[in-house]
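Here's a quick briefing to read alongside the model. Have the structure open and follow along, topic by topic.

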Amino acid sequence: MNLHEYQGKEILNSFGVRIQRGYVAQTPDEAVAAAKKLTEETGTGWHVIKAQVHAGGRGKGGGVKLAKSLDEVKTIADQIIGMDLVTPQTSAEGKRVHQVLVAEDVYYPGDSEPEEYYMSVLLNRGTGRNMIMYSTEGGMDIETVAEETPHLIFHEEIDPATGLLPFQARKIAFNLGLSGAAFKDMTKFVAALYKAYTDSDSSLFEINPVLKTSDDKIMAVDAKVSLDDNALYRRKDYAAMRDKREENPVEVEAGEKGLNYVDLDGNVGCMVNGAGLAMATMDLIKQSGGEPANFLDVGGTADAERVEAAFQLILKDPAVKAILVNIFGGIVRCDRVAQGIIDAYKNMGTINVPIIVRLQGTNADIAKKLIDDSGLDVQSAIEFKEAADKVQVVLA
């Protein structure tokens with residue numbers, strides 16, 4: 001589950017990580033009130049107005065701007081709230097901005113120049129260990145840094161038996177070229193950041209930039225946080241942070257109906273039981289000259305109600321030209337699935353796209369006969385190749 005910047009900063013702050021302070025606002029007037037409160041608490045004269053959407057590169061799309069007066073705070077907030085923000089990480093339509101974060105200006109003058117760093121904590125799937133990835137090139141897309149200057153990206157893997165050790169935090173600060181008070185503050189920052197990552201059951205903490213201020217303080221200016229969905233049952237306070245407005249509405253609806261659904265840009269809808277078989281089915285569609293329009297795992301219970309819900313989700317996509325149902329009857333009997341498909345089809349009335357149904361496993365022969373004798377515009381198949389050929393024909 002992805003979080004907004006302000007929510008990620010709330011978690012960081014709760015673990016003792018210094019953050020760029022700010023308040024979220026839903027309207028321009030709330031933004032002005034937030035700016036006034038922030039000035040009282042921090043003394044900041046300027047304010048940074050940041051669009052709160054689940055996408056990076058907000059500044060490039062005009063979603064992050066500096067306000068040097070309260071009038072500018074209101075004007076900028078009015079411009080950003082309600083806009084469809086297009087960034088390198090959004091679709092061409094962009095994401096609607098519903099709220100902004102009004103943050104303090106932390107690039108104030110001082111004894112030294114501010115410096116920006118990149119830092120993230122995530123799982124290295126190759127080694128099965130948590131990893132801190134960091135770079136002196138903060139404020140830039142880490143993908144660009146990796147491509148153009150890979151030697152400027154450092155990695156520190158954490159042994160799960162010991163956790164982050166003090167020498168590792170010092171090594172990170174040293175590799176970032178820090179010394180004195182900034183060095184000490186960075187070691188504290190790294191330790192607190194890693195604790196925030198592990199104790200919040202997160203799958204990603206990305207801070208870009210981590211800032212060394214002109215008076216040698218280390219703080220998180222941004223925060224991209226992804227929580228592990230599988231741990232949300234024991235993190236009720238974090239689960240309440242979910243913003244469904246930022247998610248695909250069809251995927252949200254699927255989740256509410258207990259279906260595992262991921263929207264894709266294709267023309268063949270998939271309805272499958274089991275994630276592995278679903279992936280194989282998507283490969284099958286590609287080999288047949290089509291493109292999968294979705295990933296949909298109906299699970300082990302493919303009754304009429306569940307199948308009907310799956311059909312309705314798939315048919316919400318106007319790009320779908322055919323539907324391939326691929327069910328392996330292990331736990332569930334194929335004839336029951338076939339009857340569920342027939343009942344769902346009749347309940348929905350006319351379905352204007354071809355449906356190919358492959359049922360394999362327990363009572364597959366009975367299921368095929370049920371489909372063939374139903375009188376509905378549904379084609380049955382037993383083998384993978386047979387299903388692939390029928391998909392190819394209907395797409396021709």
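A residue is called buried when its relative accessible area is under 20%, and exposed when that figure is over 50%. Ser200 has 1% relative accessibility, so Ser200 counts as buried. Keep in mind that this is a predicted model.

**Around Ser200**
- You'll find Ser200 in the loop that links α6 and β10.
- A polar atom of the Ser200 side chain lies 2.5 Å from the backbone oxygen of Ala196.
- The Ser200 side chain also makes a polar contact, at 2.7 Å, with the side chain of Ser202.
- Leaving aside residues up to four places away in sequence, Ser200 touches Ile11, Phe15, Lys195, Phe205, Leu227, Arg235 and Tyr238.

**Strand β10 and its partners**
- Of the eleven residues in β10, ten are buried, so the rest of the structure largely encloses this strand.
- β7 and β10 run antiparallel and are joined by seven bridges; in this pairing, Ser120 sits opposite Glu206 of β10.
- β12 pairs with β10 over four bridges, also in the antiparallel sense, and here Leu204 faces Ser226 of β12.
- With β11, β10 makes an antiparallel pairing over three bridges, where Val210 stands opposite Ala220 of β11.
- The β10 and β11 hairpin has five residues between its strands, and Asp216 takes a positive phi near 65° in it.

- The largest nonpolar core here has 38 residues, and the members touching the most others are Leu12, Met119, Ile132, Met186, Phe189 and Phe205.
- Elements giving two or more residues to this core are α1 (5-14), β7 (115-124), β8 (129-135), α5 (166-175), α6 (180-199), β10 (202-212), β11 (218-220) and β12 (224-227).
- α6 supplies the largest share of this core, with nine residues.
- Take Ile132: not counting residues up to four places away in sequence, Ile132 touches Met119, Ser120, Val121, Phe154, His155, Glu156, Ile158, Leu164, Ile172, Val190 and Tyr194.
- There's also a second, separate core of 35 residues, and Tyr261, Ala310, Val320 and Ile327 are among them.

**The open sheet**
- Four strands make up an open sheet, ordered β1-β6-β2-β3, with antiparallel pairing.
- From one strand to the next, the twist averages 25°.
- β2 (residues 47-51) is joined to β3 by four bridges, and the two run antiparallel; His47 is set opposite Ala67 of β3.
- Helix α1 lies across β1, β2 and β6 (100-104), and runs at about 50° to β6.

**An exposed spot: Asp29**
- Asp29 belongs to helix α2 (residues 28-42).
- Is Asp29 buried or exposed? Its relative accessibility is 52%, so Asp29 counts as exposed.
- Asp29 and Val73 are 44 residues apart in sequence, with 9.2 Å between them in space, C-alpha to C-alpha.

Terms used: Residues are numbered from 1 along each chain as its sequence is written. This is a predicted model: local features need pLDDT of at least 70, side-chain atom pairs count only at pLDDT 80 or more; totals for chains, interfaces and linings use all residues. Side-chain values use heavy atoms; hydrogens and water are left out. A nonpolar core is a set of buried Ala, Val, Leu, Ile, Met, Phe, Trp, Tyr and Cys residues joined through side-chain atoms within 4.5 Å. Buried means under 20% relative accessible area, exposed over 50%, partly exposed in between (1.4 Å probe, protein chains only). Contact means heavy atoms within 4.5 Å. Two strands pair if DSSP finds at least two bridges between them. Axes are lines fitted to C-alpha atoms, for helices over the stretch in contact, and angles run from 0 to 180 degrees between N-to-C directions. A polar contact is a pair of N or O atoms within 3.5 Å; within protein, one must be able to donate a hydrogen and the other to accept it, and residues adjacent in sequence count only if both atoms are side-chain atoms.
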